Amino acid sequence: MLLERFRKAKQAEVEALQALQALGKLPPVHEGPRPDFAAALARRAPGSPLAVVAEYKRASPSRGVICESLEVEDVARQYAAAGASAISVLTEEAFFRGRLEYLARAADPALYNGPRVPLLRKDFIFDPLQVRATAATPASALLLIVRLTPDAATLRALREQAESYGIQAVVEIFDAEDLRLARQSGARIIQVNARDLESLAVDRDACLQLVRACPPANGEQWIAASGMSSPPHLKAAAEAGYHAALVGSALMENGHPGQALAELLGVTAQNGGERTC
């Protein structure tokens with residue numbers, strides 16, 4: 001199973017954190033501000049049907065290398081100027097060519113013409129030490145995947161640990177059973193991944209059907225993820241009941257992420273960038 005490959009790839013990171021913990025050398029918890037990720041999902045660019053979490057994504061298992069010529073600072077600046085409500089930063093190294101340090105680099109206040117956009121750490125997190133490592137960064141949110149930790153008590157413990165550092169948890173699901181566990185764990189931000197983990201195929205219709213069949217309850221905020229690449233996709237997701245969409249490959253693939261996001265949102269791009277992949 002693909003998720004097990006991801007887990008194995010992260011094991012060395014967990015062991016390194018265990019060694020640091022034994023020596024009392026875990027990095028200090030970040031003391032700066034963490035912009036409110038949930039509040040950002042309630043804000044959208046003028047004219048857009050929902051908020052967009054724009055992703056810095058260099059590679060993926062389904063696409064291989066997507067774009068490696070743009071540094072995270074370039075992309076964060078472009079996304080903020082184009083109207084991103086939040087920015088997702090992939091930090092997994094083996095499959096997505098990310099790095100944890102990208103979060104600190106994307107949080108540089110000089111990149112933003114106004115308040116800093118909240119950052120989501122997107123990775124495969126299943127151990128409390130990974131949450132602790134995230135707390136040493138300026139991330140406002142982190143991703144927890146139900147199928148990576150398919151136990152409501154474990155999910156709750158990881159979420160509550162993150163919240164103790166001022167970090168919100170985005171809990172990713174694929175189907176109604178995942179949703180049951182997510183809700184049992186107390187999740188409040190639900191991300192539905194439309195990509196099948198084995199075939200890597202995207203089924204946006206299933207993503208829309210799930211939110212219609214099990215609409216957001218008790219103040220939940222829902223994010224549609226994978227395969228969102230055009231204004232009609234955003235419109236369909238909003239009409240089905242989603243509050244936000246996470247978009248990565250479609251923005252990064254042509255080397256002009258700010259321009260691509262502006263076109264997706266229907267706004268005028270600023271500082272769209274000149275470098276290409």
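F174 sits in the loop that links strand 7 to helix 7, where helices (H or I, at least four residues) and strands (E, at least two) are DSSP runs, numbered from the N terminus. The model is a predicted one, in which local features need pLDDT of at least 70 and side-chain atom pairs count only at pLDDT 80 or more, while totals for chains, interfaces and linings use all residues. Residues are numbered from 1 along each chain as its sequence is written, and side-chain values use heavy atoms, with hydrogens and water left out.

With a relative accessible area of 15%, F174 is buried, a term that means under 20% relative accessible area, with exposed meaning over 50% and partly exposed in between (1.4 Å probe, protein chains only). Leaving aside residues up to four places away in sequence, F174 touches I145, R147, N193, R195, L197 and L210, contact being defined as heavy atoms within 4.5 Å. F174 and I145 are separated by 29 residues in sequence, and their C-alpha atoms are 9.2 Å apart in space.

I145 in turn stands opposite E172 in strand 7. Strand 6 and strand 7 run parallel and are joined by five bridges; two strands pair if DSSP finds at least two bridges between them. Both belong to a barrel that eight strands close in the order 1-4-5-6-7-8-9-10, with parallel pairing. From one strand to the next the twist averages 30 degrees, with axes taken as lines fitted to C-alpha atoms, for helices over the stretch in contact, and angles running from 0 to 180 degrees between N-to-C directions.

Helix 6 covers residues 152-164, and the end C-alpha atoms of its 13 residues are 18 Å apart, in agreement with the 18 Å that they should span at 1.5 Å a residue; the expected span is 1.5 Å times one less than the number of residues. Its buried residues are A152, L155, L158, R159, Q161 and A162, and these pack against helix 5 (128-135), strand 6 (141-145), strand 7 (168-173) and helix 7 (176-184). After helix 6 comes G166, whose phi is positive, near 85 degrees.

Turning to the cysteines, a disulfide is a pair of cysteine sulfur atoms within 2.5 Å, and by this rule the count is zero. The sulfur of C207 has its closest cysteine sulfur in C214, 12 Å away, which is too far for a bond. C207 is itself buried, with a relative accessible area of 2%.
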